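I am opening a notebook on this structure, to be read with the sequence and the coordinates side by side. My entries follow the order in which I looked things up.

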Amino acid sequence: TRLRLHSKENESEHLPIYQHKAKLIQAVKDSTFLVVTGETGSGKTTQLPKYLHQAGLCKDGKIGITQPRRVAAITVAQRVAQEMECNLGREVGYQVRFDDCTSQSTVVKYMTDGCLLREILADPVLSQYSVVVLDEVHERSLNTDILLGLLKKMFSNPAKAPRGRSFPLKVVVMSATLETDKLSAFLGGCPIFAIPGRAFPVSCTFGFAVGPKDIESTGYAKEVVKVALDVHTSEMAGDILVFLTGQSEIERACDLLYEKAESIDYRYDVQDQTVEGLLILPLYGSMPTDQQRQIFQPPPSGIRKCVVATNIAATSLTINGIKYIIDSGFVKQLNHNSRVGMDILEVVPISKSEAQQRAGRAGRTSAGKCFRIYTKEFWEKCMPEYTVPEIQRTSLTAVILTLKCLGVHDVIRFPYLDCPEERFILEALKQLYQFDAIDRRGRVTPLGELMVEFPLHPGLTRAVLKAASLGCQDLLLPVAAMLSVENIFIRPGHPEKQKEADKKHRALAAKSGSMNDFATLLSVFQSCKSSDRPSAWCKDNWIHWRALKSAFSVETQLREILLRLQQKKDFPVETFDGNKSELFRRCLCTGYFTNVARRSVGKVFCTMDGHGSMVHVHPSSSLFDQEDELNWVIFHDVLVTSRVYIRTVCPIRYEWVKDLLPKLHEVDIYELSGVARE
Ligand code: ADP
Ligand code: MG
């Protein structure tokens with residue numbers, strides 16, 4: 001039976017970290033760098049900052065805790081605010097891209113690693129902070145890796161560290177397990193504080209459904225549902241955690257699970273007679289936070305909880321009471337795709353260490369079981385030992401510009417925990433050169449100084465700045481905002497409803513007056529904004545109202561950044577005479593000339609970036625099936641399945657990019673590489 005606890009404080013006293021409270025506080029006080037490790041769920045993220053606050057470590061400055069994932073930053077801050085009995089945004093707050101929930105009185109601040117990186121740009125010695133906690137370092141996100149290097153560098157020159165600071169800075173690096181010696185060695189042999197875990201055994205079984213030949217198939221999602229139902233009916237009470245890869249897949253799996261679970265007759269079908277129902281809860285990054293709160297609540301008695309989650313539940317968020325894991329074996333990951341020369345979200349097999357981490361989620365409070373739906377052969381042949389750090393598999397363009405703006409010119413010999421391949425660094429330098437953010441000698445240009453202020457992809461930033469210099473930012477800011485939020489168009493999945501939605505979406509595209517997906521985004525933004533009842537308008541047009549609300553807020557914030565930059569005296573000003581549609585598309589061209597494709601034969605396009613990839617217009621585009629009328633196009637991104645698809649497409653004229661295209665080949669990356677090394 002569950003013990004009734006009086007307050008959150010009591011509850012947290014049962015976490016493993018609690019017994020080490022005094023020693024931990026002392027360890028933080030005793031050295032500049034400290035590595036803290038402990039099993040997921042031991043209380044590192046929620047408790048340590050609270051302890052440091054109680055110990056008076058935020059007397060001089062704030063305690064800042066970084067998270068690689070925005071949902072984690074938000075949920076954890078909510079939890080800690082609750083435990084400390086204050087309103088979120090007061091003593092305890094959070095900041096993530098486009099959402100700042102902090103105030104003057106905030107002393108414990110959870111934020112994404114990207115946010116702290118931006119703060120370093122404005123304040124290189126982080127003079128407002130007395131403690132910086134880099135959390136979930138084992139996830140090896142790009143920004144966290146860069147922060148590690150920057151903080152190491154900040155202290156590498158003892159004469160430099162205190163300048164601009166009136167009190168010491170403490171750096172705590174937290175990691176689930178793994179590589180702690182490497183981390184400590186990287187940080188000058190700093191102490192390691194290991195919180196002893198208490199993990200119960202988890203028995204793992206392999207399945208039959210997914211083998212090496214199924215690596216490209218999406219059949220695993222159905223199999224996962226089948227196994228979840230089996231577990232529900234044949235295993236003893238205890239909650240289930242299912243790992244899938246993304247929002248729409250999870251929603252579909254939940255629907256299917258719900259449908260199948262309806263027909264269970266609890267008098268005959270279940271082994272454990274105490275189990276009387278199933279509560280199905282999705283969990284993914286972009287989900288509304290009030291919905292997320294349910295995940296942590298224990299289910300009503302007799303009800304089995306089944307959480308269907310992305311990898312976020314592997315280490316970032318700990319759900320209590322999980323006894324069964326169902327592991328799909330896949331994850332959605334951002335990878336640099338050398339075939340098309342850009343970063344692409346792909347569904348790939350997880351690593352073996354990731355699979356072990358997932359399984360471990362079942363053994364926190366008692367012995368558990370992990371059902372892997374893939375075969376032993378899949379494990380052996382398709383799953384790598386470890387996950388490759390993000391810094392070694394994604395585009396470094398934005399990060400390299402940030403480093404350059406921080407005065408780190410030698411971006412090749414920057415202290416990386418794991419070095420990215422040199423060609424990735426050179427690729428980033430080349431892109432920055434193409435967008436005029438750096439010059440031929442690798443120095444940041446005035447434009448680059450402006451670009452670094454925008455929390456957007458450099459190409460998009462370039463287009464926005466171009467528009468601003470021409471006085472037509474009202475065309476580009478909404479587009480940038482719309483491209484920054486996920487899932488604008490509702491795709492119901494159900495065939496009849498899908499037809500209805502498609503019809504509405506086509507009408508929206510037609511309304512924009514030109515065959516151009518960027519213009520459609522602009523038109524949706526404007527129509528919704530000017531509507532008397534925007535939420536009803538969205539519902540009527542099969543648009544996610546929540547996404548549009550975010551886009552409105554993002555647009556306002558981008559506008560504020562732009563206004564601030566425009567007040568600087570050397571903000572560029574240009575003129576243009578031509579019609580509005582051309583103006584709009586020409587602005588886009590300045591940011592997207594790296595994504596130009598020309599129709600070769602039939603419906604096939606060929607990219608002009610030197611890769612010469614064969615691409616197709618994605619069916620979601622308003623230009624799909626109109627390919628015959630097209631010649632040159634630009635596109636926002638690509639989706640790789642059996643084919644390479646381009647998405648968010650806009651027709652252009654060759655003349656508009658004629659002068660820009662040579663830039664793609666003009667500079668020899670070895671010229672830039674000499675500069676990179678200085
Ligand atoms: P770690 O960082 O070591 O993995 P956490 O501090 O994240 O551990 O988690 C400690 C405990 O707090 C876990 O039992 C977790 O379930 C609980 N917890 C964390 N966030 C919430 C929340 N928003 N609501 C309820 N419980 C939570
Ligand atoms: Mg944690």
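**Backbone, charges and cysteines**

I began with Leu126, which I found in the loop between helix H5 (113-122) and strand S6 (129-134); helices (H or I, at least four residues) and strands (E, at least two) are DSSP runs numbered from the N terminus. I note that the model is predicted, so local features need pLDDT of at least 70 and side-chain atom pairs count only at pLDDT 80 or more, while totals for chains, interfaces and linings use all residues. Residues are numbered from 1 along each chain as its sequence is written, chains are lettered from A and ligands numbered from 1 in the order in which they are written, and side-chain values use heavy atoms, with hydrogens and water left out.

Leu126 is not a glycine, yet its phi is positive, at about 50°.

Next I turned to Arg140, another residue other than glycine with a positive phi, near 55°. Arg140 sits in the loop between S6 and helix H6 (142-156), and at 5% relative accessibility it counts as buried.

Which side chain meets that of Arg140 in a salt bridge? I found Glu179, at 3.6 Å from N to O, a salt bridge being a side-chain nitrogen of Lys or Arg within 4 Å of a carboxyl oxygen of Asp or Glu. Glu179 lies in the loop between strand S7 (170-175) and helix H7 (180-186) and Arg140 in the loop between S6 and H6, so the pair ties together parts that are 39 residues apart in sequence. Glu179 is partly exposed, with a relative accessible area of 38%. I also recorded a network of salt bridges that links Arg140, Asp145, Glu179, Lys182 and Asp418, and the structure holds 31 salt bridges.

I then looked at Arg358 and Asp327, whose closest N and O atoms are 2.7 Å apart in a salt bridge. Arg358 belongs to helix H11 (residues 352-360) and Asp327 to strand S13 (residues 322-327), so this pair ties together parts that are 31 residues apart in sequence. Both Arg358 and Asp327 are buried.

My last entry concerns the cysteines, where I counted zero disulfides, a disulfide being a pair of cysteine sulfur atoms within 2.5 Å. The sulfur of Cys587 is 3.8 Å from the closest cysteine sulfur, in Cys472, which is too far for a bond. Cys587 is buried at 1% relative accessibility.

Key. Buried < 20%, exposed > 50% of the residue type's maximum accessible area, 1.4 Å probe, protein only.
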